Amino acid sequence: MFGINANLKKTVAIATIAVAGVLGAANVSAQQYWMEEVLEQQLQEKTAKAEQQKQASETADSKAEKKADSNAS
């Protein structure tokens with residue numbers, strides 16, 4: 001009877017460790033997914049900001065060229 005009880009305790013301990021490992025892996029996976037989403041959003045924001053700056057620069061260059069052309073006339 002004591003042998004069965006010891007085997008049962010060992011089995012329960014192994015199962016508990018296995019479940020904790022699976023839960024830990026799921027947690028890490030969720031954190032990785034969240035971080036990838038955050039990084040993707042940051043990349044999109046940086047890309048949008050760079051595009052806005054590029055358009056602003058092109059607009060300023062265009063205005064400066066038009067003014068130079070009108071002054072040259």
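Helices (H or I, at least four residues) and strands (E, at least two) are DSSP runs, numbered from the N terminus. By that rule the chain has one helix and zero strands. The model is predicted: local features need pLDDT of at least 70, side-chain atom pairs count only at pLDDT 80 or more, and totals for chains, interfaces and linings use all residues. Residues are numbered from 1 along each chain as its sequence is written, and side-chain values use heavy atoms, without hydrogens and water.

Start with the overall form. The C-alpha trace spans about 110 × 5 × 5 Å along its principal axes. The chain has a radius of gyration of 31 Å, whereas a compact globule of 73 residues would have one near 11 Å. That radius is taken over C-alpha atoms, and the globule rule is 2.2 Å times the number of residues to the power 0.38.

Now the cover. Of the 73 residues, 0% count as buried. Buried means under 20% relative accessible area, exposed over 50%, partly exposed in between (1.4 Å probe, protein chains only).

Trp34 sits in helix α1, residues 2-72. Trp34 counts as exposed because its relative accessibility is 54%. Glu65 is also found in helix α1. Glu65 has 54% relative accessibility, so it counts as exposed.

Last, the charges. The chain carries 8 positive and 9 negative side chains, and the centres of the two sets lie 11 Å apart. Lys and Arg count as positive and Asp and Glu as negative; His and the chain ends are not counted. Each charge is placed at NZ of Lys, CZ of Arg, CG of Asp or CD of Glu.
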